[in-house]
Amino acid sequence: MSARARPKTDPRPVRTRHLGRLALLALILLAGCASRNDLYVLLPGKDGKTGALVVESGGKKQTLDTPYAAARVKNVGSVDGLKSSEAEVKQDFGPALEAQPKRPVSFYLYFQRDTDEFAPESKALVNQIFAEIARRPAPEVAIIGHTDRVGSMQYNDVLSLRRAERCRDELIKLGIPKVRISVAGRGAREPEVQTADQVSEPRNRRVEINVR
Amino acid sequence: MKSALIALTMVLAFGIAVAAAQDAGQIKTSKGSAQIERSGQKLPATVGQVVQQGDVVVTGADGSVGITFRDNSLVSIGPDSVLAIDRFVFDSTTHQGNFDASLKQGTLAVISGKLAKQSPDAMKVRTPAAILGVRGTEFLVRTGPAKD
């Protein structure tokens, strides 16, 4: 008697009760079975420095900051830390790693003070630059001028760009079409040697030829 | 002199690619089936092809593509991958700007460039399940539904 009466006391309609059970079933399935196959791996830097990668999924965060530190995301909102290795990485990411473009290489030409005249020893570098260009598919050359800290910021921005343009003209004369070359002036923002303001420093009066 | 001649020959062989300011990067490696989707059109993702903001790079089962961006970020994808270049802005004087990319599926290898070096928030990579903050680094991403 009481057993028959009990269902009648449940105020929810039959369909809602079924939905409740279905939702519970879905939760159990989700917890036990991954919906995604995501993997994030931090590699050691080639220069010996390893950076950091912050992996965030559904409000959960994990910072990877050691070589081959990895995170697996099986469901949005679950980030599991693990450790990968050189061998595992090759297996998981072989074709993407093989497709990486060659790393850009920079050459430096130096200038006489407050001019766009090359220092004499810089001229010998030009052949090396050509050889590097020849080694690369679809080569590009980014020419980036730099100055020391003598003079104002605006003056140095203009001077650094003039040095880059002077270099571009030289390279074009030597046979590289203009369309492959871009120029930029970094002014005194990226010194090779740190100095106080208004200090003349020959090592900072340079143009970077970045071949990529 | 010999190397200079080789350089000249190579440059001429690849023809003219205009290095316009709106170009985000250029394809340096390409294997198998690979395409760029740009405003409804499909272009072959061949070596020398420029990549622009808004492009989607797609590879087939045998495909891979490697791109060098203007800030020297090196980005490559493996087979069955879809990578959207959502935003690329780079000021070559100040190194400020933004690089946002989304890997919709597949595998990705990144060596970050000048943008990430200048500012830790400049480069973001998204997947359907996560968002990655890049602190000047080399990393790998795989994203896709779980296989049974």
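Which residues does B:Glu37 touch, not counting residues up to four places away in sequence? I looked this up first. The contacts are B:Lys42, B:Asp55, B:Val56 and B:Val58. I am working from a predicted model.

**Entry 1: around B:Glu37**

I placed B:Glu37 in strand β2 of chain B, residues 34-38. The cut-off for a buried residue is 20 or more. I also checked a distance along the chain. B:Gly48 is eleven residues from B:Glu37, and their C-alpha atoms are separated by 16 Å.

**Entry 2: chain B as a whole**

I counted two helices and twelve strands in chain B. I then read the order along the sequence: α-β-β-β-β-β-β-β-β-β-α-β-β-β. Chain B has 148 residues, and 49% of them are buried. I looked at contact range next. Of the contacts in chain B with a separation of 6 or more, 50% join residues 24 or more positions apart.

**Entry 3: where the chains meet**

β11(B) pairs with strand β2 of chain A, residues 52-57, in the antiparallel sense. The pairing runs over five bridges. In one of the pairs, A:Val55 has B:Leu132 as its bridge partner.

**Entry 4: the four-stranded sheet in chain A**

I traced an open sheet of four strands in chain A, in the order β6-β9-β7-β8. Its pairing is mixed. Which strands stand at the edges? They are β6(A) and β8(A); each has a single partner strand, so one side of each has no neighbour in the sheet. From one strand to the next, the twist averages 20 degrees.

Inside the sheet, I checked β7(A) against β9(A). They pair in the antiparallel sense over five bridges. A:Ala142 stands opposite A:Asn210 of β9(A).

I then looked at the helices on this sheet. Helix α4 of chain A, residues 125-134, lies across β6, β7 and β9 of chain A. Helix α4(A) runs at about 160 degrees to β6(A). Helix α5(A) packs on the sheet too, and its direction makes about 160 degrees with that of β8(A).

**Entry 5: helix α5 of chain A**

Helix α5(A) covers residues 153-173, which is 21 residues. From first C-alpha to last, α5(A) reaches 30 Å, close to the 30 Å expected. Its buried residues include A:Leu159, A:Leu161, A:Ala164, A:Cys167 and A:Leu171. What do the buried residues pack against? I found β6 (105-110), β7 (141-145), β8 (181-185) and β9 (206-211) of chain A. After the helix comes A:Gly175, with a positive phi near 120 degrees.

**Entry 6: domains of chain A**

The assignment gives domain 1 as 36-100 and domain 2 as 105-211. I noted that their C-alpha centres lie 37 Å apart.

Key: Residues are numbered from 1 along each chain as its sequence is written. Chains are lettered from A and ligands numbered from 1 in the order in which they are written. This is a predicted model: local features need pLDDT of at least 70, side-chain atom pairs count only at pLDDT 80 or more; totals for chains, interfaces and linings use all residues. The expected span of a helix is 1.5 Å times one less than its number of residues. A residue is buried if 20 or more other C-beta atoms lie within 10 Å of its own, exposed if 12 or fewer, and partly exposed in between; C-beta atoms are placed from the backbone. Two residues are in contact if their C-beta atoms, placed from the backbone, lie within 7 Å. Two strands pair if DSSP finds at least two bridges between them. Axes are lines fitted to C-alpha atoms, for helices over the stretch in contact, and angles run from 0 to 180 degrees between N-to-C directions. Domain bounds come from an automatic or database domain assignment.
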